[in-house]
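Trainee: I'm new to this one. Could you put it on screen and walk me through it?

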Amino acid sequence: MKLILAIIRPESLESVREKLYAKGIDSMTVIDVQGHGKQKGHKELYRGREYQVEFLNKIQLELAVADDMVDPVIEAIASGAKSGSMGAIGDGKIFVTNLEKVLRIRTGETNESAL
């Protein structure tokens, strides 16, 4: 089992969600987050003055999946979050970590049967 964390642009969420549903993934957690990568934010003009926006609004997706679903999930997220054919700075990142144990509280099911 793996835990997949993806940081994407807010405007990409609907496209990513549709691609995940098409792969049979219907369970996920969506969190509004702020941060920046190598681009370290951007400059904006407000009332004639320029200011630095250091933390950008992003969406964090968390998905617990079986080992055999890791590659299809990564493919769905990456294709749904990519801006245009070439992509763009700030499209996001995907992290995959091992998941040692899962417990469904309601039924007591564990591990893959709890996903």
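Trainee: Is Met-1 buried or exposed?

Mentor: This is a predicted model, where local features need pLDDT of at least 70, side-chain atom pairs count only at pLDDT 80 or more, and totals for chains, interfaces and linings use all residues. Residues are numbered from 1 along each chain as its sequence is written, and side-chain values use heavy atoms, with hydrogens and water left out. On the scale used here, buried means under 20% relative accessible area, exposed over 50%, and partly exposed in between (1.4 Å probe, protein chains only). With a relative accessibility of 12%, Met-1 counts as buried.

Trainee: And which residue is 111 places from Met-1 in sequence but 7.0 Å away in space?

Mentor: Met-1 sits in the segment before β1 (2-8); strands are DSSP runs of E, at least two residues, and helices are runs of H or I, at least four, numbered from the N terminus. Its contacts (heavy atoms within 4.5 Å) beyond four places in sequence include Val-65, Leu-99 and Leu-115. The residue you want is also among those contacts, and the 7.0 Å runs C-alpha to C-alpha: Glu-112.

Trainee: Is Leu-103 buried or exposed?

Mentor: Look in the segment after β6 (92-98) for Leu-103. Leaving out residues up to four places away in sequence, Leu-103 touches Gly-108, Glu-109, Thr-110 and Ala-114. Ala-114 is 11 residues along and 6.0 Å off, C-alpha to C-alpha. At 52% relative accessibility, Leu-103 counts as exposed.

Trainee: What is the nearest side chain of opposite charge to Lys-58?

Mentor: Lys-58 belongs to strand β5 (residues 56-65), and it touches Ile-7, Arg-9 and Asp-32, among others. Lys and Arg count as positive and Asp and Glu as negative, with His and the chain ends not counted. Lys-58 is buried but has no salt bridge, meaning a side-chain nitrogen of Lys or Arg within 4 Å of a carboxyl oxygen of Asp or Glu. The nearest opposite charge is 7.1 Å away, on Asp-91.

Trainee: What share of the 115 residues is buried?

Mentor: For scale, the C-alpha atoms fill a box of roughly 60 × 30 × 20 Å along the principal axes. Of the 115 residues, the buried share is 26%.
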